[in-house]
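Have the sequence and the 3D view ready, and follow along as we go.

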Amino acid sequence: MKTRTLGRGPTALDVSTLGLGCMGMSEFYGVASEAESIATIHRALELGVNFLDTADMYGPFKNEELVGRAIRDRRDRVVLATKFGNMRGADGAFLGISGKPDYVRQACDASLRRLGVDHIDLYYQHRVDRSVPIEDTVGAMAELVRAGKVRHLGLSEASPATIRRAHAVHPITALQTEYSLWSRDPEDEILPTVRALGIGFVAYSPLGRGFLTGRFKRFEELPADDFRRRSPRFQGENFAKNLELVDRVREIAAAKGVSASQLALAWVLARGQDIAPIPGTTDRKHLEENIAAAAVTLTAEDLQRIDAAAPKGVAAGQRYADAGMANVNV
């Protein structure tokens, strides 16, 4: 597994070309086996994937604990990323977004305890708090760096203006935002902004929350407790229209002799050496399939065919329901 560099200068961070999103191991995509999830993390490390992504809200709180158990005896092999800002109660209730300095410090200490580590390699603000100046939030995050609790800072789903203001307070190493063949809106303003500032880009949901793998043929195949049932892109006519996109991706993938998921990941990787996708999975089989995408080379002709099949704005439906969309690009 090769590496990519997020950011520039003294705050740059080297990570594996592909990372591993751990969210689904604890929540949102139905029930996952904890034993298989931990085995998947271990297998990822064996195969050279060192970039693990979690957040305090996943579970809630359980995902950090799971990742902490998985890496306890191999911490030196991991680039550990986690996030704060989406507040949840112990019962799972969503309590809002906070970027208040006191909360930043409390959240970090709580994450360190759950993860069982003495520092976090990349600490993101998960969602921007509209009620708190970004300068105050990033100022508190910078204090964590000076205290040795955090090595690098990141933002998630922030607007270009917010990114610039944050970066002026303390260098931002990475911006994490959804990016895939059916979510190409970062190409308009986000990617040009981070590239101008020397900030790396971490692409979450690079497989369209699993839709681009071709796994789902009917809405009813989603588990009853799967949060994708509430996603506009998985509902009604949108589902059927998006299946047409998947069929086009699968056709191109078949011509290349790869799976649809490998083609989708290879496309994200081809968008720039400053982009690190973090596909999520809960089992070793799909992990190994995803990792193989790093060896797929797309020709100029391949990229033209993919662009024709999945142009910007091709997906039917919003990425999130209205409430979720209100908290992105802030």
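## Before we start

This is a predicted model, so local features need pLDDT of at least 70 and side-chain atom pairs count only at pLDDT 80 or more, while totals for chains, interfaces and linings use all residues. Residues are numbered from 1 along each chain as its sequence is written, and side-chain values use heavy atoms, with hydrogens and water left out.

## Helix α1 against helix α2

Two packed helices are described by the angle between their axes and the distance between the axes. Start with α1 (residues 34-46) and α2 (residues 62-71): they pack at about 55 degrees, and their axes are 9 Å apart. That angle makes α1 oblique to α2. Here are the terms. Helices (H or I, at least four residues) and strands (E, at least two) are DSSP runs, numbered from the N terminus. Axes are lines fitted to C-alpha atoms, for helices over the stretch in contact, and angles run from 0 to 180 degrees between N-to-C directions. Angles under 35 degrees count as roughly parallel, over 145 as roughly antiparallel, 65 to 115 as roughly perpendicular, and the rest as oblique.

Which residues of α1 and α2 meet? On the α1 side they are E34, S37, I38, I41 and H42, and on the α2 side L66, V67, R69, A70 and I71, where contact means heavy atoms within 4.5 Å. These residues divide into six nonpolar, two polar and two charged (Ala, Val, Leu, Ile, Met, Phe, Trp, Tyr, Cys and Pro count as nonpolar, Asp, Glu, Lys and Arg as charged, and the others, Gly among them, as polar).

E64, E65, V67 and G68 in α2 meet S111, R114 and L115 in α3. That contact has two nonpolar, two polar and three charged residues. V67 of α2 turns up in the contact with α1 and in the one with α3.

Now look at α3 (residues 101-115) with α4 (residues 134-146), whose axes come within 8 Å and cross at roughly 35 degrees. This crossing is right-handed. From α3 come P101, V104, R105 and C108, and they meet D136, T137, A140, M141, E143 and L144 of α4. The tally is six nonpolar, one polar and three charged.

Most residues other than glycine have a negative phi, and most peptide bonds are trans. Yet a cis peptide bond joins G59 and P60, with omega about -5 degrees. You'll find P60 in the loop between β4 (51-53) and α2.

E157 isn't a glycine, but its phi is positive, at about 55 degrees. Look for E157 in the loop between β9 (150-156) and α5 (160-169).

## A space inside

How many cavities of 30 Å³ or more does a search of the whole structure find? It finds one. On a 1 Å grid over the protein atoms alone, a cavity is a set of points where a 1.4 Å probe fits but cannot get out, and lining residues have an atom within 4 Å of a point. Grid points are joined across faces, edges and corners, and a volume is the space filled by probe spheres set on the points.

The largest cavity holds about 50 Å³ of space. Its lining includes L18, G19, V49 and P279, and helix α9 (residues 284-291) gives the largest share, three residues. By class, the lining has six nonpolar, three polar and no charged residues.

Methods: 1 Å grid on protein atoms, 1.4 Å probe; cavity = no way out; pocket = protein on both sides within 12 Å on 5 of 7 lines; lining within 4 Å. Left-handed = near helix turned anticlockwise from the far one by under 90°.
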